[in-house]
Amino acid sequence: MPTITTKDGVEIFYKDWGSGQPIVFSHGWPLSADDWDAQMLFFVAKGYRVIAHDRRGHGRSAQVSDGHDMDHYADDLAALTAHLDLKNAIHVGHSTGGGEVVHYIARHGESRVAKAAILSAVPPLMVQTAANPGGLPKSVFDGLQAQLAASRTQFYRDLPAGPFYGYNRPGAKPSEAVIQNWWRQGMMGGAKAHYDGVVAFSQTDFTEDLKKINVPVLVMHGDDDQIVPYADSAPLSAKLLKNGTLKTYKGFPHGMPTTHAETINADLLAFFKE
């Protein structure tokens, strides 16, 4: 399996398919690079080079005890792009991966980056604070950690079967295969990485990161996102970016790259070609 070893000794698994302009995909919590199957197959067929890694502690990467925070996530991504010597790359991040992409670009600069797209992404800040009154109370995220600690296997069944893909909405048609694939990806990773990751995605403030970014960024979000509520995320991120474009999807759930892959892929392709 292709891996890189970070400067703090963590093995990071990645996939690297095709040739052409590179697109680097950063996945959501608590999943893996496999969550991008629908995008990677589509874009490799369109002549792009597609790359996706498993975040530390997730998927096939090493289940280390420490470093489950946005600084390490961004540095791991930088290590991968440097190892592959990527130039003119497009970065695409979903959910927590959207935060990873934003933090990577702000922290490591734009010399290797052409554009970015963040989908159903956690920036600017998920948790409610005095400065972010529209955020979710910290008790919500404490609850996620409590459920994970009590029974990760049950929690990882309930989340995709319900709010993640909008399968709890009236008239929704749940896909058992999609639910099981989410569970499979989640259970491949390490419980501690996932537990600590809740703090990383909910309490990291990306406001200053967003302001630093100059490259074009497409901000894509469903207005029925039950995981990262729309009003306190995408419109705020788009405003903070110097060169941000907001694209809102009526009724789309958090997991829209899977449930609405055709629409999402077409819109990403149009943005990449602009």
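# A buried phenylalanine and its surroundings

Phe43 counts as buried, because its relative accessibility is 0%. Buried means under 20% relative accessible area, exposed over 50%, and partly exposed in between, with a 1.4 Å probe and protein chains only. This is a predicted model, in which local features need pLDDT of at least 70, side-chain atom pairs count only at pLDDT 80 or more, and totals for chains, interfaces and linings use all residues. Residues are numbered from 1 along each chain as its sequence is written, and side-chain values use heavy atoms, with hydrogens and water left out.

## Around Phe43

Phe43 sits in helix 1, residues 37-45. Helices (H or I, at least four residues) and strands (E, at least two) are DSSP runs, numbered from the N terminus. Which residues touch Phe43, leaving aside its neighbours within four places in sequence? They are Ile23, Phe25, Tyr48, Val50, Asn265, Leu268, Leu269 and Phe272. Contact means heavy atoms within 4.5 Å. Pro22 is 21 residues from Phe43 in sequence, and their C-alpha atoms are 9.9 Å apart.

## The chain as a whole

The chain holds ten helices and eight strands. Its radius of gyration is 17 Å, close to the 19 Å that the globule rule gives for 274 residues, so the chain is as compact as a globular protein of that length. The radius is taken over C-alpha atoms, and the rule is 2.2 Å times the number of residues to the power 0.38. Along the principal axes, the C-alpha atoms fill a box of roughly 40 × 40 × 40 Å.

Of the 274 residues, 55% count as buried. Take the contacts between residues at least 6 apart in sequence: 76% of them join residues at least 24 apart. The accessible surface comes to about 10800 Å², and carbon and sulfur atoms hold 54% of it. That area comes from the Shrake-Rupley method with a 1.4 Å probe.

## Asp54 in its loop

Asp54 lies in the loop between strand 4 (49-53) and helix 2 (70-83). Is Asp54 buried or exposed? Asp54 counts as buried, because its relative accessibility is 0%. A polar atom of the Asp54 side chain lies 2.6 Å from the backbone nitrogen of Arg60. Arg60 is also among the contacts of Asp54 beyond four places in sequence, which include Ile12, Phe13, His27, Ser32 and Ala33. Gly59 and Ser61 are on that list too.

## Backbone exceptions

Most residues other than glycine have a negative phi, and most peptide bonds are trans.

| Site | Feature | Angle |
|---|---|---|
| Trp29 to Pro30 | cis peptide bond | omega near -10° |
| Pro123 to Pro124 | cis peptide bond | omega about 5° |
| Asp85 | positive phi | phi near 50° |
| Ser120 | positive phi | phi near 50° |

Where do these sites lie? Pro30 is in the loop between strand 3 (22-26) and helix 1. Pro124 is in the loop between strand 6 (113-119) and helix 4 (138-161). Ser120 is likewise found between strand 6 and helix 4. Asp85 falls in the loop between helix 2 and strand 5 (89-94).

Ser120 is buried, with a relative accessible area of 0%. Asp85 is partly exposed, at 41%.

Terms used:
Polar contact = N/O pair within 3.5 Å; in protein donor to acceptor, adjacent residues only side chain to side chain.
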